[in-house]
Structure formats: structure tokens, C-alpha cells
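Student: I have a model open and would like to learn how to read it. Where do we begin?

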Amino acid sequence: MKNTLLVSLLLTIFAQFAFAQKAIERKIIIEHAQFYYCTVNNDLQLAELHNGNVQQNINNVSAYNILPVGREISDPFVPLCFDINKGEMLAINWILNSNNSRNDALKKINLAEAIKSQNLNPAQVLEQSFLIPPIAAYEPWQFMLRRNNTLSNNFFDIAWGKDNTVLLALCNQNELFIWMYNGSEWKHSDAIPVNFHQYFSLIAVGTKIGILSSEGVLNTYSVTGNQWKLQKQIKYPMNLQTSTLVIDKDNQKVLYLNNNDVEQSKLSLTQLMKSKAKKIIL
Amino acid sequence: MKKLLLLFLSILLYVEPIWAQDFQYSISASQVQFSGTGYINIRQDSLATIYTAPHWNATGLRLPAGFVSGSIMKVGANFTFNCSQAPDSLSIRALGSDSINLPMQTVHLVPSSSSFTCTYKDTLATKSFIAGTVNYYAPFNFYWQISFDHGVTWINADTTDHKIYVTRSAPMVETANFKYFHTVLELSCKDAKGETTDTGIISKCWNEFLDHVVLNYKGDSLFYYKTFNSPYVTLPNLLRYRNAECYTFAQLFLALIKIQGVVRTNNYVYITPNPVASPCGGTINRFLVKNWNFGVKSDSVACPSFPYKNTYSGSYITPSGYVFTTADATDQVGINGQCNNNPSSFFNNHQITKIDGVYYDACYGVTFKLLTDIKTTAFDGWGIQLSANTYNFTTDMSKDDLQESITTW
């Protein structure tokens with residue numbers, strides 16, 4: 001009887017959603033000629049990892065693996081915050097659950113192990129999401145709350161930096177802080193005034209770090225010691241709501257695709273990128 | 001004189017039948033629909049689809065209609081008229097509740113199989129709903145009448161009954177989780193009927209949560225943790241699955257006032273222990289809601305500040321309760337939740353609302369003036385995780401406090 005009722009319920013939910021096309025959360029990541037992207041089950045809030053070869057059409061990948069990370073369904077909308085590097089997913093597990101600690105939200109997941117453990121039912125995966133230890137306490141979040149615990153235009157994202165550092169960008173009340181964690185301590189930029197009303201995306205390629213706003217404005221930063229410096233600002237003719245980023249780690253490139261082109265594509269990802277993707281230069 | 005009077009009466013009685021219809025007939029409403037500038041698109045609870053016209057039909061369809069106070073509803077109806085010799089047209093009107101009537105309209109009878117149909121076109125009622133006031137009609141009746149002599153005499157035709165919700169002001173704009181759900185309108189308008197002010201609406205809507213029985217529009221219970229491991233955290237899912245976590249009851253309470261156009265920002269409060277480090281390591285990240293029983297202090301030597309220890313294997317939570325391998329702290333029946341006298345009570349966080357300086361906990365139907373009141377009134381312990389598959393607890397509530405992060409829902 002243990003979990004039977006909940007499992008049946010959860011499987012029913014999954015069956016209902018199995019054939020509905022869901023939106024890609026933020027980006028497609030390419031690594032070692034494999035693509036990875038996530039959708040989210042809105043009832044369970046859990047991420048669904050889709051992957052395949054770049055010579056495949058991403059829309060032909062129907063199977064997915066449920067991951068023990070996710071994001072809540074709320075306003076304002078913040079899509080899943082994640083990045084993948086060398087088979088390890090870094091994510092902010094922002095699931096709303098009375099057992100899930102926001103202070104333990106920063107997770108690292110070995111994708112090969114996560115895929116292997118797919119014998120877990122969704123209820124168990126959900127429980128795993130708040131039992132997996134974090135990579136670090138979420139000091140940026142606590143710092144933000146100490147500054148102001150009233151959340152307004154509160155958006156965030158995470159990315160792998162150079163040499164496996166963790167980069168995190170967090171804004172609240174029109175103040176953005178970019179954080180870096182080297183495995184033992186956090187450092188952060190000074191407050192960067194911003195005027196975000198929708199989510200942004202954090203992009204890192206090599207030593208270059210970019211904040212791409214919802215309206216397509218890219219601010220690129222360099223960091224030396226504790227000094228964060230804005231290098232340049234470029235406006236791209238896109239917005240995050242109607243575009244999907246492509247982080248090509250094999251070629252150290254960042255591109256974007258129009259969501260309609262992605263959803264209607266009958267091409268392989270490689271062909272789609274060649275014909276439709278536009279570059280973003282950090 | 002008497003003879004003159006008798007003669008006059010005879011003439012009257014003789015003449016009268018010529019003017020009156022002398023055929024046998026029956027008339028009944030076949031459908032009714034509502035619309036208008038103040039019309040609110042009400043959504044079905046389970047699938048969030050919007051109810052569409054007709055709102056009433058002769059075969060049993062009964063959908064509610066919603067309007068903003070001060071607006072005038074538009075009503076249309078179809079009728080079936082059975083008669084061997086029907087006139088070309090007749091007049092229809094309706095007398096409504098609160099004297100909100102439908103004016104006379106001449107309708108043409110159209111042959112249809114072995115009978116006739118006629119349509120009372122969508123028409124504005126004769127007066128508006130009282131402005132600035134919540135109302136709840138259960139039922140709102142239309143007494144339909146027909147006339148064969150252009151409104152000189154009226155004959156009762158049929159009665160249709162409807163459920164109509166009237167909100168005090170225009171509902172706040174829908175969002176991902178706040179929608180004009182049937183149950184939201186049902187509870188809000190029923191509870192706050194007659195109210196005109198924000199404070200009156202808030203107070204009356206809050207009453208919904210005091211007796212720990214919250215039902216949807218059909219009378220089904222909305223459970224706070226019907227199963228201990230319910231994964232449902234949004235209002236749509238509370239209404240759909242009727243088994244949900246704290247966030248959903250906070251959202252429900254806010255929805256009941258937002259639907260009336262009551263605006264309150266910074267109303268949604270997420271509370272969790274301050275991540276205070278314990279002397280044994282780890283940070284405090286759990287709390288126990290009353291009642292828990294504390295027995296042996298298994299870890300009184302290893303961790304005297306958090307001496308009560310529970311262990312588990314794999315998972316400690318099942319649909320029916322907590323399953324610990326060893327347990328110094330055991331869950332007891334304590335503070336009643338909505339439709340549940342022993343809900344889940346071991347948490348990292350909780351969601352409540354804050355309106356006009358008062359904390360409202362809709363899960364338990366209680367209010368607090370200060371954040372610090374919550375731990376003293378409602379908690380039995382703080383928890384930490386020192387190692388995998390264990391939790392340690394203390395009953396010393398002074399070891400930590402709650403932190404809050406505030407958003408606007």
C-alpha cells in the first residue's frame with residue numbers, strides 16, 4: 001500500500017502529459033555531440049531531461065528522464081535554472097514543497113547516475129529532490145533576504161564557470177548580484193542596478209560571463225579577484241520568451257533559435273542550427 | 001339599476017372571450033444564457049476551462065453566472081411552444097429576483113418539428129446589481145411570462161432558477177494560479193454576501209477557514225494533506241485533486257478576496273527556520289507542528305542540544321503517515337488542519353498570508369500578530385539533519401526563530 005495511491009495518481013498525471021508538447025526550459029546544451037534540454041512536469045514541478053545526438057531532430061525525442069530537481073509554477077515565472085558540464089548538471093532546485101529547503105537548493109547531479117536510477121517512481125524522485133545534499137549552502141539567497149526580504153522582480157539563474165566554479169546571478173528589488181563559488185567560499189559583485197521585470201539568463205563561456213535580459217540585452221562581465229567589470233552591452237533582436245538559447249560547449253558558442261522554428265522543425269539539430277540559429281557574442 | 005348592471009356584465013363577459021386566446025398551448029423554457037459587460041468568465045475547477053453558454057437548459061444543465069456589482073446582466077432564452085394553432089408572435093418578459101426584470105420583447109414563433117420555438121434575444125435587464133456590494137443568488141429566479149395581447153395581460157409561462165455570483169468590484173486579473181474558479185466564486189460570494197468594504201470582505205472570507213471544513217462548490221472536502229506526501233502546491237491543483245499542501249490554502253484565502261477586487265500587496269509569506277548552525281553541526285532546517293511526543297533522548301550524549309533522534313531507511317514519509325525506523329519523537333494528533341485532524345506536521349517551510357499587518361494561516365484557521373508567535377503557539381520542536389537518514393530534534397524553541405520572505409500573490 002506504501003505509496004501505491006500516490007504512485008497511481010502520479011502515473012495518471014504523467015499519462016495525461018505524456019503526449020503534450022511542453023516548452024523547452026531556457027536552453028539546449030550541446031556537449032560531446034549530444035544535446036540536452038529540459039521540460040518540466042507542471043504537476044510535480046520536476047525536470048524532465050531529454051537528450052539525443054545532434055544529428056537527431058530534437059522533436060523526435062519522446063522519452064525523457066525525470067530528474068530530482070525542478071522549479072515552481074508561479075508568477076513571476078522563472079524557468080528551470082540549470083547548466084551541464086562534463087555530464088554533471090548544476091541546478092537550483094526551486095521546487096515548492098514543504099520538505100524542500102531553499103537553503104539547500106543548489107544541487108549537482110551526475111546525469112549518468114540519474115538516468116540509471118530511473119527505476120524510482122515519481123514520488124521517490126520528488127523525495128530525492130529535497131534529500132540530495134546541496135553543493136553549498138545558498139548563501140546568495142540568505143544575503144539577498146538580509147538586504148530585503150520582500151521579493152519583487154526576483155529572478156535568478158546558475159551556470160558552470162571556468163574550472164568548475166559555480167556562477168549564480170540573483171536579483172531582487174532591481175539589484176543584481178553575480179556570485180562565484182570556488183568550492184569553499186562565495187564571492188560576489190557589487191550591486192548592479194537593473195530594471196528586470198521578467199527572467200534573465202546567465203551565460204558563461206570560458207572566462208566571459210553574460211547576463212541576457214528578457215528583452216535581448218546582453219551585458220558581458222569580466223571578473224578579476226573581487227572586481228566585476230562590465231565589458232560591453234549588445235542588444236539582440238530577440239526575447240527570451242520566444243527564443244531558446246543553444247549553449248554549444250563543443251564549439252564554445254552561444255546561439256539562439258526562435259521557438260517556432262524549434263517546435264516545427266523537421267531537421268536535425270545540427271541542420272536547424274545551421275539554417276536558423278543566430279549567434280550571441282560574449 | 002340592477003338590470004343595467006347585469007346587462008353591462010353580460011356584455012363584458014360576452015365580449016371578453018373574443019379578445020382572449022381560445023386555443024390550448026404549453027410553453028416552456030429550453031435554454032437560458034447570460035452575458036454582458038460585467039460578465040465574469042467562470043472556470044471549471046478541475047480543468048480550468050471556461051463555462052460557456054447556455055447556462056441553463058431543460059435537460060438539467062445548470063452553470064453559474066458571475067457579474068461585477070453595478071453592472072447590468074444580459075439574458076437571452078429560448079422557448080418551446082406547443083400548440084396546434086399558434087399565433088405569429090407573442091410577447092415575453094421575466095420578473096427576476098430583487099426586481100431585476102427582463103423587459104417585454106416580441107418574439108416570433110418558428111415551426112420546429114411538431115412544435116414551435118421562439119427566442120428571447122439577449123437583452124439587458126431593467127436594472128443593475130446593487131453597486132459596490134457582494135451578492136450571492138442561490139437561486140436567482142426568472143418568472144417568465146407571455147402575453148398574446150402585446151403586454152396588456154400576462155400569463156405565467158415558466159420559471160428558471162440560476163446561481164448568480166456578484167462581486168463587489170472587478171476581480172483582479174488572472175495569473176498562472178489565480179483564476180476565476182467556480183469554487184472561488186462560490187465560497188467568496190456566499191461568505192461575503194452583503195459586504196461592501198475590503199475589511200468586511202476579508203473578515204467574512206476568513207470565516208471560511210475557522211471551522212476546519214472547507215468544501216468546494218459541490219460540497220466535496222478540500223483536504224490539507226489528505227495524504228502526508230501530497231505533492232500539490234497550487235490553487236488549481238487543490239481544486240482539482242482536493243489534497244494539497246499549505247501554499248494552496250494560502251492561495252485560496254487570497255483568491256477569495258482577490259475575486260472581489262480587494263487589492264493587497266506583499267500578502268504571501270514563506271516562513272522557514274533561520275539557517276542557524278547547531279553546536280553538533282548542520283543547520284536548523286525543520287520544525288515540528290504540534291503535537292509531537294518526545295520520549296527517550298537517544299542522542300543526549302552525542303548532541304545534547306538536539307538530543308531526540310529519529311532514523312529512517314529510504315523514506316520517512318508515506319501517504320498515511322511518518323515511518324521512522326527508530327523514533328524518539330512521534331507524531332500525535334494535534335492542531336487540526338482543513339478537513340483533517342492529523343495532517344502532516346514535519347516541515348522545512350510553511351506558507352501563510354499577511355494582510356493589514358496580521359498573519360493568517362488558512363491551513364489551520366488561525367491568526368498571529370507577530371512572526372514569533374507562530375513558534376510559541378504552534379511548534380513543538382526544531383530539527384536538524386546531522387547525517388543521512390536521521391533527524392535530530394530539540395524542544396527548546398529559543399534555539400531559533402522563523403525567517404520570512406514576502407511576495408505578492
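Student: What is the mean pLDDT of chain A, and what share of its residues reach 70 or more?

Tutor: This is a predicted model, and pLDDT is the predictor's confidence in each residue. Chain A has a mean pLDDT of 90, with 92% of its residues at 70 or more. Residues 1-20 of chain A are below 50. In the model, that stretch has 29 contacts beyond near neighbours in sequence.

Student: How many salt bridges does the rule find across the interface of chain B and chain A?

Tutor: The rule finds 0 salt bridges there. Polar contacts tell another part of the story. Between chain B and chain A, 22 residue pairs are in polar contact, both residues being at pLDDT 80 or more.

Student: How many salt bridges does the structure hold over all chains?

Tutor: The total over all chains is 17. One of them pairs A:Glu88 with A:Lys108, with the closest N and O atoms 3.4 Å apart. A:Glu88 lies in strand S6 of chain A and A:Lys108 in strand S7 of chain A, so the pair ties together parts that are 20 residues apart in sequence. A:Lys108 is partly exposed, at 41% relative accessible area.

Student: What does the salt bridge of B:Glu174 with B:Arg43 tie together?

Tutor: Start with the distance: the closest N and O atoms are 2.9 Å apart. B:Glu174 lies in the loop between strand S11 and helix H2 of chain B, and B:Arg43 in the loop between strands S2 and S3 of chain B, so the pair ties together parts that are 131 residues apart in sequence. Burial has a cut-off: under 20% relative accessible area. B:Arg43, at 16%, therefore counts as buried. B:Glu174, at 23%, is partly exposed.

Student: Which residues are linked with B:Arg168 in a network of salt bridges?

Tutor: B:Asp198, B:Arg264 and B:Asp356. The side chains of B:Arg168 and B:Asp198 meet at 2.7 Å, N to O. B:Arg168 is buried at 13%, while B:Asp198 is partly exposed at 21%.

Notes:
Residues are numbered from 1 along each chain as its sequence is written. Chains are lettered from A and ligands numbered from 1 in the order in which they are written. Side-chain values use heavy atoms; hydrogens and water are left out. A salt bridge is a side-chain nitrogen of Lys or Arg within 4 Å of a carboxyl oxygen of Asp or Glu. A polar contact is a pair of N or O atoms within 3.5 Å; within protein, one must be able to donate a hydrogen and the other to accept it, and residues adjacent in sequence count only if both atoms are side-chain atoms. pLDDT is the predictor's confidence in each residue, from 0 to 100. Contact means heavy atoms within 4.5 Å. Helices (H or I, at least four residues) and strands (E, at least two) are DSSP runs, numbered from the N terminus. Buried means under 20% relative accessible area, exposed over 50%, partly exposed in between (1.4 Å probe, protein chains only).
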